[in-house]
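Subject: Structure handover

Hello,

Here is the structure for you to look over. My notes on what was found follow below.

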Amino acid sequence: MSAELRSLHASQSQLGADGQLLHFLTVEGLHKQKLLDILNSARQFAVSDPKVKKQHASLLDSHTVVNLFFEDSTRTRTTFEIAGKRLGASVINLNTARLSTKKGETVLDTVRTLEAMDTDIFVVRDSASGTAHLIARHVPAHVHIINAGDGRHAHPTQAMLDMFTIRESKGDFSQLRFAIVGDILHSRVARSQIAALQILGAREIRVIAPATLLPTEIERLGVTAHTDMDEGLTDVDVVMMLRLQLERMEGQLIPSSQEYFRCYGLNQDRLNRAAPDAVVMHPGPMNRGLEIASDVADSERSLILSQVKNGIAVRMAIMAELVGMRPKGSS
Ligand code: CP
């Protein structure tokens, strides 16, 4: 990780003086209890009882949420929209292709303009690292910023929904070995997953990738690095696959798609190296036959669609936490 990104973490304050969450920009620097509070709230928001859901529908009923996505998204944008609506908020999805930033307006002026319309929460995705942090530094105290993915830097709500999915499926993190597999170099998801797993006390975190897709000094993040997938998968409890981010690659970092799948694609034979009850995850969008074989992606051991569904409850929990409205029974 670059010095620039380390300083981004260090300089950013997403917590108020008494530890309340003002913005949700990155997992780094948050205490274990804060992550557990979010996971416990998400458990309540995942309840399907219509009476309980009705109670949740008033928690943000006077609030406006703006989804400000400057980069494509299916899962994150849609689940934030559903989450906001389930909490009773007005949710606006901006078509950034038609925003006035195209006419030269700065992102900060766009945000100030939307703030003037009484927006309470901005959900921000951008291809540049640091955009959500920049906006958070310029909004008044009553406005909250959620980082929905910034460049290669962080995707904290994805990491939290992954932690929720793991906790629901496997329980105590301190008993579990994890392997994060694929394009670690370009992955904001991997960075946020590693931070969250460490805070929650994972037994062991391995990263598996060709040397060209491993950041230098990755071990400084507290993980062990493997370039041999069979070795790296041995006895792990959770296999977390990543997308090959071809659009972010400069130069030829893999020999070919076929060769990548041969060495780093997750197929049934490889999965047999992991613990017998190991589960498989992928944040999506996934490339079948490149990172993961279809029969594995669609198998009973795959939690991929559970991750998508859990994104709603976890994003409800994060928005509710920001405005100080935890659901009943979450503590
Ligand atoms: N996992 C994820 O961020 O997916 P989207 O790009 O579809 O939001």
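**Domains and ligand site**

In this predicted model, the centres of domain 1 and domain 2, taken over C-alpha atoms, are 25 Å apart. Where the two domains touch, domain 1 contributes 36 residues and domain 2 contributes 25 residues. As for the bounds, domain 1 is made of two segments, 3–154 and 309–322, while domain 2 covers 156–303.

The ligand is the other item to look at. The space it takes is the largest pocket.

- Arg75: a polar backbone atom is 2.9 Å from an oxygen atom of the ligand.
- Pro283: a backbone N or O atom lies 2.9 Å from a nitrogen atom of the ligand.
- Gly284: a backbone N or O atom is 3.1 Å from a nitrogen atom of the ligand.

How much of the ligand's exposed area does the protein bury? Taken alone, the ligand exposes 250 Å², and 92% of that is buried by the protein.

Regards

Key:
Residues numbered from 1 in each chain as written. Predicted model: local features only at pLDDT ≥ 70, side-chain atom pairs only at ≥ 80, totals over all residues. Heavy atoms only, no water. Polar contact = N/O pair within 3.5 Å; in protein donor to acceptor, adjacent residues only side chain to side chain. Areas by Shrake-Rupley, 256 points an atom, 1.4 Å probe, with all protein chains shown as cover. 1 Å grid on protein atoms, 1.4 Å probe; cavity = no way out; pocket = protein on both sides within 12 Å on 5 of 7 lines; lining within 4 Å. Sits in = over half its atoms within 2 Å of the grid points. Domains from an automatic or database assignment. Contact = heavy atoms within 4.5 Å.
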